[in-house]
Amino acid sequence: MANVAVIGAQWGDEGKGKVVDWLASRADIVVRFQGGHNAGHTLVVGGQTYKLSLLPSGVVRGKLGVIGNGVVIDPEALLSEIAKVEAQGLKVTPDSLRIAENAALILPLHAALDRARETARGDRKIGTTGRGIGPAYEDKVARRAIRACDLAEPETLASKLDELLLHHNTLLAGLGAETFEKQALLDRLLALAPKLLPFVEPVWERLDEARRAGRRILFEGAQAVMLDVDHGTYPFVTSSNTVAATAASGSGIGPASVGFVLGIAKAYCTRVGSGPFPTELHDATGTLLGDRGHEFGTVTGRRRRCGWFDAVLVRQAVKVGGIQGLALTKLDVLDGLPTLKVCVGYRIGDETYRHFPAGMRAQAAAEPIYEELEGWSASTAGARSWADLPAAAIKYVRRIEELVEAPVTLLSTSPERDDTILVRDPFED
């Protein structure tokens, strides 16, 4: 049996929650391997809606959840999330959740710096959630991060805070923001330590044992390839690598153990926040897609920008993200549209591009080249087999497969978990 890694193939919010939940019910362990609490999954299980940001989706299904070393963790946000799902009747204990001992922590000063920087950027905002994810990753790379294991060593914690505050208070003061006092932060962390440390362990060892025992591991990515800090629409990206290769480094296993890579893509395209979006629609069709698709961010609550499917971006995500099969979601949102458009290239000045360029000016100038396809009048909502789909809908899916150079292995036709057409089981690879 193969392991499976799930990543977004656009700009996030592709409907990963439903797909991950469906896969998690068949996995033994679910691992979050990157990102922070700036991304979310919405799961509907037994009539109960769970909105998760840090907790791996498997905990809802009674499976072991693991937060890997590639994740930056706000301990207060995590404990708050645990309390929230427990109020919904879901018990989270060290038997159901483990946290990598070498995962870096997000502190209040990180969020303060994040917000101060965004304010200072004015109309050049990146569009961060202001939750401190970027500054926390910066500290990790600069080797001054406080990690989960440090909570067990008060002396280490106090020493690291000296270096951390020397750096951050200087920046905060320069931005005209409030600075932080060491003792208050130290007391705050020491108070959190006994609540968090029971979950902490060397998770790489547990995952290695699970792999040797042949247990199914699902690696759950956050955000998406086009928000990858290297391969996305930089600088309008997240602060971590979102490609499938990060599942290995972000959890402590070898790359050969990642298994089948499933990319999630909507049948159209959305984006939250700032940054280039060549196929964005500012007309009634864009509004229709947003209304039908209930396009509001799980974490931010902000309305998502909507546009036509961009096959150039998704093909690029397939190549750099290592995607072997696509889960195409929200096909039903396109029902009733007489004509559909798919971006097959860009025009930038006098040149034609079949990839999305890295330069900011080129990205901003990219004009989509569209191929038009016939829409369908019949409903696809709730379809569970190819026979339930209109011929034009099947043709649309097949054309997407050709353009992105990856097969559609799973097709979602409504928010309901069982309204799914399974072409190929990722775990049977």
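Residues are numbered from 1 along each chain as its sequence is written. In this predicted model, local features need pLDDT of at least 70, side-chain atom pairs count only at pLDDT 80 or more, totals for chains, interfaces and linings use all residues, and side-chain values use heavy atoms, with hydrogens and water left out. Helices (H or I, at least four residues) and strands (E, at least two) are DSSP runs, numbered from the N terminus.

- Two strands pair if DSSP finds at least two bridges between them.
- Strand β6 (residues 97–100) runs parallel to β7, and 2 bridges join them.
- In that pair, Ile99 stands opposite Val200 in β7.
- Contact means heavy atoms within 4.5 Å.

**Strands covered on both faces**

- Both faces of β6 are covered. Leu97 and Ile99 lie on one side, Arg98 and Ala100 on the other, and all are buried. Buried means under 20% relative accessible area, exposed over 50%, and partly exposed in between (1.4 Å probe, protein chains only).
- β5 and β6 also pair in the parallel sense, over 3 bridges. Here Ile67 stands opposite Ile99 in β6.
- β8 is covered on both faces too. Ile217 and Phe219 are buried on one side, Leu218 and Glu220 on the other.
- β1 and β8 run parallel, joined by 3 bridges. Val4 stands opposite Leu218 in β8.
- β2 and β8 pair in the parallel sense over 4 bridges. Ile29 stands opposite Ile217 in β8.

**Helix α9**

- Gly286, Leu289 and Gly290 are buried in helix α9 (residues 284–292).
- Seen down the axis of α9, the buried residues fall within an arc of 95°, so they line one face of the helix. The arc is that of the directions from the helix axis to the C-beta atoms.
- β11 (305–307) is included in what covers these buried residues.
- Asp283 caps the N-terminal end of α9, with a side-chain oxygen 3.1 Å from the backbone nitrogen of Thr285.
- His294 follows α9 and has a positive phi, near 50°.

**Asp13 and the UniProt record**

- UniProt, in an unreviewed entry, places the feature "binding site" at Asp13 and Gly40. UniProt positions are given in the numbering used here, feature names are shortened, and annotations may be inferred rather than shown by experiment.
- Asp13 is found in the loop between β1 (4–8) and α1 (16–24).
- With a relative accessible area of 25%, Asp13 is partly exposed.
- Not counting residues up to four places away in sequence, Asp13 touches Lys266, Thr270, Val272 and Arg304.

**Arg61**

- Arg61 is found in the loop between β4 (48–52) and β5.
- A relative accessible area of 26% makes Arg61 partly exposed.
- Arg61 touches Asp21, Ser25, Val45 and Arg417, not counting residues up to four places away in sequence.
- The side chains of Arg61 and Asp21 are joined by a polar contact of 2.7 Å. A polar contact is a pair of N or O atoms within 3.5 Å; within protein, one must be able to donate a hydrogen and the other to accept it, and residues adjacent in sequence count only if both atoms are side-chain atoms.

**Backbone details in loops**

- Tyr234 and Pro235 are joined by a cis peptide bond, with omega about 10°. Pro235 is found in the loop between β8 and α8 (246–249).
- Gln223 is found in the loop between β8 and α8. Gln223 is not a glycine, yet has a positive phi of about 55°. Its relative accessible area is 8%, so Gln223 is buried.
- Lys330 lies in the loop between β13 (325–329) and β14 (339–348). Phi of Lys330 is positive, near 60°.
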